[in-house]
Amino acid sequence: MQKDNKKQIVEDLIKKIVENPNISDNYLTLALIYMSENEYDLAISVYESLINIEKSNFLALMNLGNIYFYKNEFQKAVNYYSRTITLGIENNTIYYNLGNA
């Protein structure tokens with residue numbers, strides 16, 4: 001993704017979130033863009049905003065665990081992976097990541 005194009009996409013997503021904060025896909029897409037650029041603190045902020053709206057958003061919880069794992073903040077990673085497991089969605093990756101955290 002070109003830098004100018006990425007900047008425009010980020011701006012558009014932020015505008016969409018402000019206009020309609022109940023569409024989770026906008027948060028997820030924005031956070032994934034930040035993650036792809038290693039902007040972990042920005043991604044964390046976006047995912048936490050989404051969790052404030054949807055407390056059981058599997059992808060936000062799982063990716064928060066992943067981010068904290070990448071940042072070597074293993075206890076926080078474990079907390080988010082554990083919350084993800086309590087949702088009852090079968091996902092072997094979560095158990096694998098939890099075992100490695």
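This is a predicted model: local features need pLDDT of at least 70, side-chain atom pairs count only at pLDDT 80 or more; totals for chains, interfaces and linings use all residues.
Let's start with α3 and α4, which pack at an angle of about 155° with their axes 10 Å apart. Anything over 145° counts as roughly antiparallel, so that is the label for α3 against α4. Their crossing is left-handed. On the α3 side, the residues that make the contact are Y40, A43, I44, Y47, E48, L50 and I51, and they meet L59, A60, L61, N63, L64, I67, Y68 and Y70 from α4. Sort that contact by class and you get 13 nonpolar residues, one polar and one charged.

The average pLDDT for the protein is 91, and 97% of the residues score at least 70.

Next comes α4 against α5. Here the axes come within 7 Å and cross at roughly 160°, so α4 and α5 are also roughly antiparallel to each other. As α4 passes α5, the crossing is left-handed. From α4, the contact takes in F58, L61, M62, L64, G65, N66, Y68 and F69; facing them in α5 are F74, K76, A77, Y80, Y81, R83 and T84. By class, that makes ten nonpolar, three polar and two charged residues.

A search of the whole structure turns up three aromatic pairs. In the pair formed by Y68 and Y80, the ring centres lie 5.8 Å apart and the planes sit at 10°, so the pair counts as stacked. Because Y68 belongs to α4 (residues 58–70) and Y80 to α5, the pair ties together parts that are twelve residues apart in sequence. Y68 also turns up in the contact of α4 with α3.

Finally, follow the chain from α5 (residues 74–85) to α6 (residues 92–100): these helices pack at an angle of about 150°, with axes 10 Å apart. That makes α5 roughly antiparallel to α6, and α5 passes α6 in a left-handed crossing. V78, Y81, S82, T84 and I85 are the α5 residues involved, and they meet I94, Y95, N97 and L98 in α6. The class count for this contact is six nonpolar, three polar and no charged residues.

Notes
Residues are numbered from 1 along each chain as its sequence is written. Side-chain values use heavy atoms; hydrogens and water are left out. Axes are lines fitted to C-alpha atoms, for helices over the stretch in contact, and angles run from 0 to 180 degrees between N-to-C directions. Helices (H or I, at least four residues) and strands (E, at least two) are DSSP runs, numbered from the N terminus. Angles under 35 degrees count as roughly parallel, over 145 as roughly antiparallel, 65 to 115 as roughly perpendicular and the rest as oblique. A crossing is left-handed if the near helix is turned anticlockwise from the far one by less than a right angle, and right-handed if clockwise. Contact means heavy atoms within 4.5 Å. Ala, Val, Leu, Ile, Met, Phe, Trp, Tyr, Cys and Pro count as nonpolar, Asp, Glu, Lys and Arg as charged, and the others, Gly among them, as polar. pLDDT is the predictor's confidence in each residue, from 0 to 100. Rings of Phe, Tyr and Trp (its six-membered ring) pair if their centres lie within 6.5 Å; planes under 30 degrees apart count as stacked, over 60 as edge-to-face and the rest as tilted.
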